[in-house]
Amino acid sequence: MSALWLAVGFWLAAWALNVWLAGSRVSQTRFGKALVPLIFGATVLVLWEGLVRGLGVAPVILPAPSVIAAKIAVSLPTLWQDFAQTILKGAIPGFLIGAGAAFLVAIAIDRSPFLQRGLLPIGNFVAALPIVGLAPILVMWFGFDWQSKAAVVVVMVFFPMLVNIVAGLQASERMQRDLMATWGASYLQSLVRLRLPAAMPFVFNGLKIASTLALIGAIVAEFFGSPVYGMGFRISTEVGRLGLDMVWATIAVAALAGSVFYGLITLIERWVTFWHPSQRH
Amino acid sequence: MSQPVIEAKGLNLVFQTADGPVQALKDVDLVINQGDFVSFIGPSGCGKTTFLRAIAALEHPTGGTLTVNGMSPDEARRMRAYGYVFQAAGLYPWRTIAGNIRLPLEIMGFSRAEQDERTERVLDLVELKGFGKKFPWQLSGGMQQRASIARALAFDADILLMDEPFGALDEIVRDRLNEEVLKLWGRTGKTIGFVTHSIPEAVYLSTKIVVMSPRPGRITDVIDSPLPRERPLDIRDSREFIEIAHRVREGLRAGHQDD
(Lines give C-alpha, C1' and ligand atoms only; values in the text may rest on other atoms or scores of the structure.)
Protein backbone atom coordinates (compact mmCIF):
# COMPACT_ATOMS: atom_id res chain seq x y z
CA MET A 1 0.00 0.00 0.00
CA SER A 2 2.96 2.32 0.52
CA ALA A 3 3.20 2.94 -3.27
CA LEU A 4 -0.32 4.30 -3.20
CA TRP A 5 0.40 6.71 -0.35
CA LEU A 6 3.62 7.82 -1.96
CA ALA A 7 1.73 8.58 -5.18
CA VAL A 8 -1.01 10.48 -3.36
CA GLY A 9 1.67 12.40 -1.46
CA PHE A 10 3.41 13.28 -4.74
CA TRP A 11 0.10 14.38 -6.19
CA LEU A 12 -0.65 16.75 -3.31
CA ALA A 13 2.89 18.14 -3.37
CA ALA A 14 2.82 18.70 -7.13
CA TRP A 15 -0.61 20.29 -6.82
CA ALA A 16 0.65 22.71 -4.22
CA LEU A 17 3.73 23.44 -6.33
CA ASN A 18 1.63 24.20 -9.42
CA VAL A 19 -0.73 26.45 -7.46
CA TRP A 20 2.28 28.34 -6.17
CA LEU A 21 3.86 28.49 -9.66
CA ALA A 22 0.67 29.75 -11.29
CA GLY A 23 0.50 32.62 -8.80
CA SER A 24 4.19 33.51 -8.96
CA ARG A 25 6.11 35.50 -11.52
CA VAL A 26 7.69 32.32 -12.95
CA SER A 27 4.41 31.53 -14.71
CA GLN A 28 4.83 34.62 -16.91
CA THR A 29 8.06 33.31 -18.41
CA ARG A 30 8.34 30.83 -21.27
CA PHE A 31 9.96 28.34 -18.94
CA GLY A 32 7.15 28.64 -16.40
CA LYS A 33 4.47 28.25 -19.05
CA ALA A 34 6.02 24.93 -20.11
CA LEU A 35 6.75 23.81 -16.54
CA VAL A 36 3.19 23.83 -15.17
CA PRO A 37 1.68 21.38 -17.71
CA LEU A 38 4.82 19.20 -17.50
CA ILE A 39 4.41 18.88 -13.73
CA PHE A 40 0.76 18.05 -14.27
CA GLY A 41 1.61 15.35 -16.82
CA ALA A 42 4.22 13.82 -14.52
CA THR A 43 1.67 13.81 -11.70
CA VAL A 44 -0.82 11.86 -13.79
CA LEU A 45 1.85 9.25 -14.58
CA VAL A 46 3.02 8.95 -10.94
CA LEU A 47 -0.54 8.67 -9.67
CA TRP A 48 -1.33 6.03 -12.31
CA GLU A 49 1.77 4.06 -11.36
CA GLY A 50 0.99 4.31 -7.63
CA LEU A 51 -2.66 3.32 -8.04
CA VAL A 52 -1.87 0.30 -10.19
CA ARG A 53 0.89 -0.93 -7.86
CA GLY A 54 -0.76 -0.03 -4.57
CA LEU A 55 -4.13 -1.54 -5.45
CA GLY A 56 -2.61 -4.50 -7.32
CA VAL A 57 -4.57 -3.85 -10.56
CA ALA A 58 -4.30 -6.74 -13.03
CA PRO A 59 -2.03 -5.87 -16.00
CA VAL A 60 -4.82 -6.90 -18.39
CA ILE A 61 -7.06 -4.18 -16.98
CA LEU A 62 -4.44 -1.46 -16.74
CA PRO A 63 -0.67 -1.91 -16.96
CA ALA A 64 1.51 0.55 -15.04
CA PRO A 65 3.26 3.28 -17.07
CA SER A 66 6.64 1.79 -16.16
CA VAL A 67 5.55 -1.54 -17.67
CA ILE A 68 4.37 0.19 -20.85
CA ALA A 69 7.62 2.17 -21.06
CA ALA A 70 9.64 -1.05 -20.64
CA LYS A 71 7.59 -2.70 -23.36
CA ILE A 72 8.20 0.27 -25.68
CA ALA A 73 11.93 0.08 -24.96
CA VAL A 74 12.21 -3.60 -25.91
CA SER A 75 9.83 -3.43 -28.92
CA LEU A 76 11.25 -0.41 -30.73
CA PRO A 77 11.90 -2.24 -34.05
CA THR A 78 8.34 -3.66 -34.09
CA LEU A 79 6.79 -0.33 -33.14
CA TRP A 80 8.79 1.45 -35.81
CA GLN A 81 7.73 -1.08 -38.45
CA ASP A 82 4.09 -0.67 -37.41
CA PHE A 83 4.44 3.11 -37.43
CA ALA A 84 6.01 3.14 -40.89
CA GLN A 85 3.31 0.86 -42.27
CA THR A 86 0.29 2.64 -40.79
CA ILE A 87 1.31 6.29 -40.53
CA LEU A 88 3.99 6.81 -43.16
CA LYS A 89 2.45 4.54 -45.82
CA GLY A 90 -1.26 4.59 -44.93
CA ALA A 91 -2.27 7.78 -43.17
CA ILE A 92 0.02 10.42 -44.68
CA PRO A 93 -0.29 9.51 -48.39
CA GLY A 94 -4.04 9.06 -47.91
CA PHE A 95 -4.21 12.44 -46.18
CA LEU A 96 -2.27 14.17 -48.95
CA ILE A 97 -4.21 12.50 -51.78
CA GLY A 98 -7.57 13.14 -50.09
CA ALA A 99 -6.80 16.79 -49.35
CA GLY A 100 -5.38 17.32 -52.84
CA ALA A 101 -8.39 15.74 -54.52
CA ALA A 102 -10.73 17.82 -52.35
CA PHE A 103 -8.85 20.93 -53.41
CA LEU A 104 -9.21 20.17 -57.14
CA VAL A 105 -12.89 19.28 -56.78
CA ALA A 106 -13.48 22.44 -54.73
CA ILE A 107 -12.02 24.55 -57.56
CA ALA A 108 -14.21 22.71 -60.09
CA ILE A 109 -17.27 23.29 -57.90
CA ASP A 110 -16.33 26.93 -57.54
CA ARG A 111 -16.18 27.39 -61.30
CA SER A 112 -19.46 25.61 -62.01
CA PRO A 113 -22.71 25.96 -60.04
CA PHE A 114 -23.88 22.80 -61.83
CA LEU A 115 -21.13 20.77 -60.14
CA GLN A 116 -21.93 22.44 -56.83
CA ARG A 117 -25.42 20.98 -56.96
CA GLY A 118 -24.17 17.60 -58.20
CA LEU A 119 -20.93 16.89 -56.37
CA LEU A 120 -21.59 18.20 -52.87
CA PRO A 121 -24.50 15.80 -52.22
CA ILE A 122 -22.40 12.87 -53.52
CA GLY A 123 -19.53 13.90 -51.24
CA ASN A 124 -22.00 14.16 -48.40
CA PHE A 125 -23.34 10.69 -49.19
CA VAL A 126 -19.86 9.14 -49.17
CA ALA A 127 -19.03 10.87 -45.90
CA ALA A 128 -22.15 9.37 -44.33
CA LEU A 129 -21.05 5.80 -45.11
CA PRO A 130 -19.82 4.06 -41.94
CA ILE A 131 -16.10 3.32 -42.05
CA VAL A 132 -16.61 -0.22 -40.71
CA GLY A 133 -18.70 -0.94 -43.79
CA LEU A 134 -16.44 0.84 -46.22
CA ALA A 135 -13.08 -0.48 -45.00
CA PRO A 136 -13.69 -4.20 -45.81
CA ILE A 137 -14.85 -3.27 -49.31
CA LEU A 138 -11.79 -1.12 -49.94
CA VAL A 139 -9.55 -3.90 -48.58
CA MET A 140 -11.15 -6.25 -51.14
CA TRP A 141 -10.54 -3.71 -53.88
CA PHE A 142 -7.01 -2.56 -53.08
CA GLY A 143 -5.51 -5.57 -51.25
CA PHE A 144 -4.20 -6.13 -47.73
CA ASP A 145 -1.22 -3.79 -47.93
CA TRP A 146 -1.08 -0.04 -47.26
CA GLN A 147 -2.88 0.94 -50.49
CA SER A 148 -6.29 -0.03 -49.10
CA LYS A 149 -5.54 1.88 -45.86
CA ALA A 150 -4.60 4.97 -47.83
CA ALA A 151 -7.85 4.57 -49.78
CA VAL A 152 -9.90 4.50 -46.56
CA VAL A 153 -8.08 7.62 -45.38
CA VAL A 154 -8.76 9.35 -48.72
CA VAL A 155 -12.48 8.68 -48.35
CA MET A 156 -12.54 9.89 -44.75
CA VAL A 157 -10.50 13.02 -45.37
CA PHE A 158 -12.07 14.07 -48.64
CA PHE A 159 -15.43 15.40 -47.53
CA PRO A 160 -14.46 17.56 -44.53
CA MET A 161 -11.71 19.07 -46.67
CA LEU A 162 -14.07 19.68 -49.58
CA VAL A 163 -16.68 21.42 -47.45
CA ASN A 164 -14.06 23.62 -45.79
CA ILE A 165 -12.32 24.63 -49.03
CA VAL A 166 -15.62 25.39 -50.78
CA ALA A 167 -16.68 27.54 -47.81
CA GLY A 168 -13.24 29.15 -47.73
CA LEU A 169 -13.38 30.12 -51.39
CA GLN A 170 -16.56 32.05 -50.62
CA ALA A 171 -15.03 33.72 -47.58
CA SER A 172 -13.61 36.80 -49.32
CA GLU A 173 -15.71 39.92 -48.91
CA ARG A 174 -17.72 41.26 -51.80
CA MET A 175 -15.83 44.52 -51.72
CA GLN A 176 -12.52 42.70 -52.03
CA ARG A 177 -13.85 40.81 -55.07
CA ASP A 178 -15.24 44.05 -56.55
CA LEU A 179 -11.77 45.57 -56.21
CA MET A 180 -10.33 42.70 -58.23
CA ALA A 181 -13.00 43.37 -60.89
CA THR A 182 -12.16 47.08 -61.06
CA TRP A 183 -8.54 46.16 -61.75
CA GLY A 184 -9.63 43.88 -64.58
CA ALA A 185 -8.19 40.79 -62.85
CA SER A 186 -8.62 37.38 -64.48
CA TYR A 187 -10.21 34.41 -62.66
CA LEU A 188 -6.79 32.93 -61.96
CA GLN A 189 -5.32 36.22 -60.69
CA SER A 190 -8.27 36.74 -58.42
CA LEU A 191 -8.06 33.12 -57.21
CA VAL A 192 -4.36 33.21 -56.39
CA ARG A 193 -4.13 36.71 -54.97
CA LEU A 194 -7.44 37.00 -53.13
CA ARG A 195 -9.60 33.95 -52.75
CA LEU A 196 -7.03 31.33 -51.84
CA PRO A 197 -5.34 33.46 -49.16
CA ALA A 198 -8.79 34.34 -47.79
CA ALA A 199 -9.69 30.63 -47.74
CA MET A 200 -6.64 29.58 -45.70
CA PRO A 201 -8.23 29.79 -42.22
CA PHE A 202 -10.95 27.42 -43.46
CA VAL A 203 -8.44 25.13 -45.17
CA PHE A 204 -6.46 24.75 -41.96
CA ASN A 205 -9.59 24.00 -39.97
CA GLY A 206 -10.25 21.22 -42.44
CA LEU A 207 -6.67 19.96 -42.28
CA LYS A 208 -6.79 19.75 -38.49
CA ILE A 209 -10.04 17.76 -38.52
CA ALA A 210 -8.69 15.59 -41.34
CA SER A 211 -5.42 14.85 -39.50
CA THR A 212 -7.21 13.03 -36.67
CA LEU A 213 -9.57 11.31 -39.11
CA ALA A 214 -6.59 10.07 -41.14
CA LEU A 215 -5.07 8.42 -38.08
CA ILE A 216 -8.33 6.75 -37.06
CA GLY A 217 -9.01 5.60 -40.60
CA ALA A 218 -5.56 4.09 -41.15
CA ILE A 219 -5.64 2.17 -37.85
CA VAL A 220 -9.24 0.95 -38.04
CA ALA A 221 -8.90 -0.15 -41.68
CA GLU A 222 -6.21 -2.64 -40.60
CA PHE A 223 -8.78 -4.46 -38.48
CA PHE A 224 -10.29 -5.73 -41.76
CA GLY A 225 -7.18 -7.23 -43.25
CA SER A 226 -3.51 -6.28 -43.26
CA PRO A 227 -0.03 -7.77 -43.52
CA VAL A 228 1.37 -9.10 -40.21
CA TYR A 229 2.43 -5.66 -39.07
CA GLY A 230 0.82 -2.23 -38.71
CA MET A 231 -0.63 -0.45 -35.68
CA GLY A 232 -4.20 -1.61 -36.24
CA PHE A 233 -3.03 -5.18 -36.78
CA ARG A 234 -0.91 -4.97 -33.61
CA ILE A 235 -3.78 -3.70 -31.48
CA SER A 236 -6.28 -6.32 -32.68
CA THR A 237 -3.91 -9.30 -32.37
CA GLU A 238 -2.33 -8.30 -29.04
CA VAL A 239 -5.79 -7.84 -27.51
CA GLY A 240 -6.52 -11.41 -28.55
CA ARG A 241 -3.31 -12.60 -26.83
CA LEU A 242 -3.99 -10.48 -23.73
CA GLY A 243 -0.78 -8.59 -24.47
CA LEU A 244 -2.29 -5.37 -23.19
CA ASP A 245 1.11 -3.81 -22.50
CA MET A 246 1.81 -3.94 -26.26
CA VAL A 247 -1.63 -2.48 -27.00
CA TRP A 248 -0.85 0.41 -24.67
CA ALA A 249 2.58 0.84 -26.22
CA THR A 250 0.97 1.12 -29.66
CA ILE A 251 -1.60 3.57 -28.32
CA ALA A 252 1.23 5.67 -26.91
CA VAL A 253 2.90 5.76 -30.33
CA ALA A 254 -0.41 6.66 -32.00
CA ALA A 255 -1.04 9.45 -29.49
CA LEU A 256 2.47 10.81 -30.01
CA ALA A 257 2.21 10.61 -33.82
CA GLY A 258 -1.22 12.26 -33.78
CA SER A 259 -0.02 15.10 -31.56
CA VAL A 260 3.07 15.73 -33.70
CA PHE A 261 0.97 15.66 -36.89
CA TYR A 262 -1.57 18.08 -35.42
CA GLY A 263 1.14 20.30 -33.96
CA LEU A 264 2.90 20.50 -37.30
CA ILE A 265 -0.29 21.62 -39.03
CA THR A 266 -0.89 24.21 -36.31
CA LEU A 267 2.64 25.56 -36.77
CA ILE A 268 2.19 25.87 -40.53
CA GLU A 269 -1.20 27.50 -39.92
CA ARG A 270 0.35 30.11 -37.66
CA TRP A 271 2.89 30.87 -40.33
CA VAL A 272 0.40 31.03 -43.24
CA THR A 273 -2.53 32.80 -41.56
CA PHE A 274 -0.55 35.14 -39.33
CA TRP A 275 -2.86 37.94 -40.50
CA HIS A 276 -6.07 36.35 -39.22
CA PRO A 277 -7.48 37.88 -36.00
CA SER A 278 -7.26 34.50 -34.25
CA GLN A 279 -3.50 34.32 -34.91
CA ARG A 280 -2.38 37.90 -34.18
CA HIS A 281 -0.34 38.27 -31.05
CA MET B 1 -10.42 70.83 -70.37
CA SER B 2 -14.17 70.40 -70.84
CA GLN B 3 -14.07 67.12 -72.73
CA PRO B 4 -16.88 64.79 -71.62
CA VAL B 5 -15.52 61.70 -69.87
CA ILE B 6 -18.65 60.05 -68.53
CA GLU B 7 -21.99 60.40 -70.32
CA ALA B 8 -25.29 58.93 -69.17
CA LYS B 9 -28.46 59.29 -71.24
CA GLY B 10 -31.85 58.05 -70.05
CA LEU B 11 -30.10 55.57 -67.78
CA ASN B 12 -32.36 53.05 -66.03
CA LEU B 13 -31.39 50.29 -63.65
CA VAL B 14 -33.89 47.85 -62.15
CA PHE B 15 -32.87 45.27 -59.54
CA GLN B 16 -34.86 42.05 -59.44
CA THR B 17 -35.32 41.27 -55.75
CA ALA B 18 -37.39 38.77 -53.78
CA ASP B 19 -39.93 41.55 -53.16
CA GLY B 20 -40.26 42.30 -56.86
CA PRO B 21 -38.40 44.77 -59.09
CA VAL B 22 -36.77 47.83 -57.50
CA GLN B 23 -36.07 50.84 -59.68
CA ALA B 24 -32.63 51.94 -58.47
CA LEU B 25 -32.07 54.50 -61.25
CA LYS B 26 -34.70 56.21 -63.38
CA ASP B 27 -33.98 58.29 -66.49
CA VAL B 28 -30.62 59.59 -65.31
CA ASP B 29 -28.99 62.11 -67.68
CA LEU B 30 -25.57 63.40 -66.71
CA VAL B 31 -22.35 64.54 -68.36
CA ILE B 32 -19.11 64.57 -66.39
CA ASN B 33 -16.26 66.49 -68.01
CA GLN B 34 -12.58 65.85 -67.72
CA GLY B 35 -11.14 67.34 -64.53
CA ASP B 36 -14.54 67.69 -62.85
CA PHE B 37 -14.94 66.91 -59.19
CA VAL B 38 -18.50 65.61 -59.04
CA SER B 39 -20.29 64.79 -55.79
CA PHE B 40 -23.39 62.64 -55.64
CA ILE B 41 -25.51 63.44 -52.62
CA GLY B 42 -28.83 62.12 -51.42
CA PRO B 43 -30.49 59.94 -48.80
CA SER B 44 -29.89 56.20 -48.80
CA GLY B 45 -31.68 54.39 -51.58
CA CYS B 46 -31.35 57.32 -53.99
CA GLY B 47 -29.09 55.33 -56.30
CA LYS B 48 -25.92 57.38 -55.85
CA THR B 49 -23.80 54.34 -55.09
CA THR B 50 -25.57 52.33 -57.79
CA PHE B 51 -24.76 55.02 -60.35
CA LEU B 52 -21.09 55.02 -59.34
CA ARG B 53 -21.01 51.22 -59.50
CA ALA B 54 -22.66 51.34 -62.94
CA ILE B 55 -19.88 53.65 -64.15
CA ALA B 56 -17.40 51.09 -62.81
CA ALA B 57 -19.28 48.23 -64.55
CA LEU B 58 -19.97 46.62 -61.18
CA GLU B 59 -23.70 46.98 -61.91
CA HIS B 60 -25.31 46.70 -65.32
CA PRO B 61 -27.94 49.22 -66.45
CA THR B 62 -31.19 47.81 -67.76
CA GLY B 63 -31.91 50.74 -70.07
CA GLY B 64 -30.40 53.89 -71.62
CA THR B 65 -26.78 54.48 -72.51
CA LEU B 66 -23.68 54.99 -70.39
CA THR B 67 -20.23 55.61 -71.81
CA VAL B 68 -16.87 56.07 -70.11
CA ASN B 69 -14.15 57.60 -72.28
CA GLY B 70 -16.46 56.87 -75.22
CA MET B 71 -16.45 53.15 -74.40
CA SER B 72 -18.89 50.90 -72.59
CA PRO B 73 -18.19 50.75 -68.84
CA ASP B 74 -17.12 47.10 -69.19
CA GLU B 75 -14.55 47.96 -71.86
CA ALA B 76 -13.36 50.89 -69.77
CA ARG B 77 -12.99 48.56 -66.79
CA ARG B 78 -10.84 46.19 -68.79
CA MET B 79 -8.78 49.18 -70.03
CA ARG B 80 -8.26 50.05 -66.34
CA ALA B 81 -9.80 53.47 -66.86
CA TYR B 82 -10.52 54.18 -63.22
CA GLY B 83 -9.50 53.61 -59.63
CA TYR B 84 -12.27 52.82 -57.15
CA VAL B 85 -12.25 53.62 -53.43
CA PHE B 86 -14.90 51.90 -51.33
CA GLN B 87 -16.50 52.97 -48.06
CA ALA B 88 -14.20 50.62 -46.13
CA ALA B 89 -10.52 50.43 -46.94
CA GLY B 90 -10.80 46.78 -48.01
CA LEU B 91 -7.08 46.18 -47.68
CA TYR B 92 -6.00 42.54 -47.84
CA PRO B 93 -4.79 41.69 -44.32
CA TRP B 94 -2.16 39.18 -45.51
CA ARG B 95 -0.33 41.88 -47.44
CA THR B 96 1.63 44.81 -46.10
CA ILE B 97 0.51 48.34 -46.96
CA ALA B 98 3.09 48.45 -49.77
CA GLY B 99 2.01 44.96 -50.85
CA ASN B 100 -1.60 46.11 -51.06
CA ILE B 101 -0.69 49.12 -53.18
CA ARG B 102 1.44 46.90 -55.38
CA LEU B 103 -1.42 44.41 -55.91
CA PRO B 104 -3.20 46.18 -58.81
CA LEU B 105 0.21 46.87 -60.35
CA GLU B 106 1.07 43.15 -60.23
CA ILE B 107 -2.26 42.30 -61.82
CA MET B 108 -1.75 44.85 -64.57
CA GLY B 109 1.73 43.52 -65.29
CA PHE B 110 3.93 46.48 -64.35
CA SER B 111 7.63 45.68 -64.05
CA ARG B 112 9.07 45.07 -60.60
CA ALA B 113 11.08 48.29 -60.67
CA GLU B 114 8.08 50.32 -61.72
CA GLN B 115 5.96 48.70 -59.01
CA ASP B 116 8.49 49.83 -56.39
CA GLU B 117 8.76 53.31 -57.84
CA ARG B 118 5.00 53.86 -58.07
CA THR B 119 4.35 52.42 -54.61
CA GLU B 120 6.88 54.81 -53.11
CA ARG B 121 5.38 57.75 -54.98
CA VAL B 122 1.74 57.19 -53.97
CA LEU B 123 2.69 56.41 -50.35
CA ASP B 124 4.35 59.79 -50.33
CA LEU B 125 1.30 61.37 -51.97
CA VAL B 126 -1.06 60.22 -49.20
CA GLU B 127 1.55 60.96 -46.50
CA LEU B 128 2.12 57.36 -45.49
CA LYS B 129 5.84 57.33 -46.19
CA GLY B 130 7.57 54.82 -43.93
CA PHE B 131 4.41 52.78 -43.29
CA GLY B 132 4.84 50.52 -46.32
CA LYS B 133 6.07 47.58 -44.27
CA LYS B 134 3.21 47.70 -41.75
CA PHE B 135 0.21 45.42 -42.02
CA PRO B 136 -3.23 47.04 -42.43
CA TRP B 137 -4.48 46.00 -39.00
CA GLN B 138 -1.55 47.84 -37.40
CA LEU B 139 -2.80 51.21 -38.71
CA SER B 140 -5.70 53.46 -37.71
CA GLY B 141 -8.89 53.60 -39.79
CA GLY B 142 -7.91 56.94 -41.33
CA MET B 143 -4.49 55.65 -42.35
CA GLN B 144 -6.05 52.50 -43.81
CA GLN B 145 -8.39 54.60 -45.91
CA ARG B 146 -5.47 56.75 -47.10
CA ALA B 147 -3.67 53.55 -48.10
CA SER B 148 -6.72 52.45 -50.07
CA ILE B 149 -6.71 55.81 -51.88
CA ALA B 150 -3.01 55.33 -52.63
CA ARG B 151 -3.85 51.89 -54.03
CA ALA B 152 -6.48 53.43 -56.33
CA LEU B 153 -3.98 56.08 -57.46
CA ALA B 154 -1.04 53.73 -58.04
CA PHE B 155 -1.89 52.75 -61.60
CA ASP B 156 -2.64 56.32 -62.61
CA ALA B 157 -6.14 55.97 -64.03
CA ASP B 158 -7.63 59.27 -65.18
CA ILE B 159 -10.85 58.70 -63.28
CA LEU B 160 -11.14 58.23 -59.54
CA LEU B 161 -14.44 56.93 -58.18
CA MET B 162 -14.97 57.23 -54.42
CA ASP B 163 -17.96 55.75 -52.63
CA GLU B 164 -18.36 57.47 -49.25
CA PRO B 165 -14.65 56.95 -48.64
CA PHE B 166 -14.65 58.83 -45.34
CA GLY B 167 -18.11 57.84 -44.12
CA ALA B 168 -16.80 55.70 -41.27
CA LEU B 169 -14.24 58.23 -40.01
CA ASP B 170 -14.60 60.92 -37.38
CA GLU B 171 -15.10 64.57 -38.27
CA ILE B 172 -11.52 65.74 -37.65
CA VAL B 173 -9.87 62.98 -39.67
CA ARG B 174 -12.47 63.53 -42.33
CA ASP B 175 -11.65 67.25 -42.65
CA ARG B 176 -7.95 66.44 -43.02
CA LEU B 177 -8.59 63.80 -45.67
CA ASN B 178 -11.00 66.07 -47.56
CA GLU B 179 -8.28 68.71 -47.73
CA GLU B 180 -5.81 66.09 -48.94
CA VAL B 181 -8.19 64.84 -51.62
CA LEU B 182 -8.63 68.40 -52.88
CA LYS B 183 -4.86 68.90 -53.00
CA LEU B 184 -4.48 65.63 -54.82
CA TRP B 185 -7.12 66.60 -57.33
CA GLY B 186 -5.38 69.95 -57.85
CA ARG B 187 -2.03 68.27 -58.44
CA THR B 188 -3.19 65.44 -60.69
CA GLY B 189 -6.14 66.97 -62.56
CA LYS B 190 -8.06 63.69 -62.35
CA THR B 191 -11.80 63.41 -62.88
CA ILE B 192 -13.34 62.45 -59.55
CA GLY B 193 -16.76 60.97 -58.79
CA PHE B 194 -17.50 61.18 -55.08
CA VAL B 195 -20.51 59.74 -53.26
CA THR B 196 -21.39 61.30 -49.92
CA HIS B 197 -24.34 62.01 -47.66
CA SER B 198 -22.73 65.03 -46.06
CA ILE B 199 -23.80 68.40 -47.46
CA PRO B 200 -20.68 70.33 -46.27
CA GLU B 201 -18.42 67.64 -47.70
CA ALA B 202 -20.15 67.78 -51.08
CA VAL B 203 -20.06 71.57 -51.28
CA TYR B 204 -16.50 71.86 -50.03
CA LEU B 205 -15.08 69.35 -52.53
CA SER B 206 -17.05 69.63 -55.73
CA THR B 207 -17.14 71.61 -58.92
CA LYS B 208 -20.46 69.93 -59.66
CA ILE B 209 -22.98 68.67 -57.12
CA VAL B 210 -25.55 66.11 -58.22
CA VAL B 211 -28.53 65.98 -55.85
CA MET B 212 -30.47 62.72 -55.98
CA SER B 213 -33.64 61.40 -54.37
CA PRO B 214 -35.01 57.92 -53.76
CA ARG B 215 -37.90 55.69 -54.93
CA PRO B 216 -37.15 55.69 -57.80
CA GLY B 217 -33.52 56.84 -57.69
CA ARG B 218 -33.20 59.96 -59.83
CA ILE B 219 -31.41 63.28 -60.21
CA THR B 220 -33.35 66.26 -58.84
CA ASP B 221 -30.75 69.02 -59.23
CA VAL B 222 -27.29 69.56 -60.70
CA ILE B 223 -25.39 72.50 -59.22
CA ASP B 224 -22.26 73.93 -60.84
CA SER B 225 -20.26 75.35 -57.97
CA PRO B 226 -18.98 78.92 -58.33
CA LEU B 227 -16.30 78.31 -55.67
CA PRO B 228 -12.68 78.68 -56.82
CA ARG B 229 -10.50 75.58 -57.27
CA GLU B 230 -8.26 76.67 -54.39
CA ARG B 231 -10.27 76.01 -51.25
CA PRO B 232 -8.93 76.58 -47.76
CA LEU B 233 -10.98 74.93 -44.99
CA ASP B 234 -12.40 78.29 -43.84
CA ILE B 235 -14.12 78.78 -47.20
CA ARG B 236 -16.89 76.88 -45.47
CA ASP B 237 -17.81 80.04 -43.54
CA SER B 238 -18.17 82.16 -46.70
CA ARG B 239 -21.55 83.37 -47.97
CA GLU B 240 -21.24 81.58 -51.32
CA PHE B 241 -20.59 78.29 -49.56
CA ILE B 242 -23.63 78.68 -47.35
CA GLU B 243 -25.81 79.59 -50.34
CA ILE B 244 -24.79 76.46 -52.24
CA ALA B 245 -25.32 74.32 -49.14
CA HIS B 246 -28.77 75.87 -48.82
CA ARG B 247 -29.61 75.01 -52.43
CA VAL B 248 -28.45 71.43 -51.92
CA ARG B 249 -30.61 71.15 -48.82
CA GLU B 250 -33.62 72.54 -50.72
CA GLY B 251 -33.02 69.99 -53.47
CA LEU B 252 -32.88 67.15 -50.96
CA ARG B 253 -36.08 68.34 -49.28
CA ALA B 254 -37.93 68.68 -52.60
CA GLY B 255 -36.98 65.09 -53.40
CA HIS B 256 -38.49 63.95 -50.15
CA GLN B 257 -41.80 65.78 -50.62
CA ASP B 258 -42.49 63.73 -53.76
CA ASP B 259 -42.85 60.56 -51.69
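Chain B of this predicted model has a mean pLDDT of 86, with 98% of its residues at 70 or more. Within chain B, the highest confidence falls in helix H3 (residues 97-107) of chain B, at a mean of 93, and the lowest in helix H8 (residues 239-257) of chain B, at 83. For the model as a whole, ipTM and pTM are given as 0.82 and 0.82.

The fold of chain A was examined next. Its secondary structure consists of eleven helices and zero strands, and the order along the sequence accordingly reads α-α-α-α-α-α-α-α-α-α-α. The radius of gyration of chain A is 24 Å, whereas the globule rule gives 19 Å for 281 residues; the value is well over that expectation, so chain A is more spread out than a compact globule. The C-alpha trace of chain A extends over about 75 × 55 × 30 Å along its principal axes. Of the 281 residues in chain A, 33% are buried.

Attention then turned to the interior. In soluble globular proteins, nonpolar side chains tend to be buried together. The largest nonpolar core in the model comprises 127 residues, and the members with the most contacts inside it are A:Val153, A:Val157, A:Leu162, A:Ala214 and B:Ala150. The element that gives the most to this core is helix H7 (residues 146-169) of chain A, which provides 16 residues. On the side of chain B, B:Ala150 touches B:Ile101, B:Val122, B:Leu123, B:Leu125, B:Val126 and B:Leu128, when residues up to four places away in sequence are left out of the count.

The contact between the two chains involves 15 residues from chain A and 18 residues from chain B. On the side of chain A that touches chain B, two or more residues each come from helix H8 (174-182) and helix H9 (187-221) of chain A. The largest share of this side, six residues, is given by H8(A). By residue class, the side of chain A that touches chain B contains eight nonpolar, four polar and three charged residues.

In summary, chain A is built of eleven helices without strands and is more spread out than a compact globule.

Technical notes: Residues are numbered from 1 along each chain as its sequence is written. Chains are lettered from A and ligands numbered from 1 in the order in which they are written. This is a predicted model: local features need pLDDT of at least 70, side-chain atom pairs count only at pLDDT 80 or more; totals for chains, interfaces and linings use all residues. A nonpolar core is a set of buried Ala, Val, Leu, Ile, Met, Phe, Trp, Tyr and Cys residues joined through C-beta atoms within 7 Å. A residue is buried if 20 or more other C-beta atoms lie within 10 Å of its own, exposed if 12 or fewer, and partly exposed in between; C-beta atoms are placed from the backbone. Helices (H or I, at least four residues) and strands (E, at least two) are DSSP runs, numbered from the N terminus. Two residues are in contact if their C-beta atoms, placed from the backbone, lie within 7 Å. Ala, Val, Leu, Ile, Met, Phe, Trp, Tyr, Cys and Pro count as nonpolar, Asp, Glu, Lys and Arg as charged, and the others, Gly among them, as polar. The radius of gyration is taken over C-alpha atoms; the globule rule is 2.2 Å times the number of residues to the power 0.38. pLDDT is the predictor's confidence in each residue, from 0 to 100.
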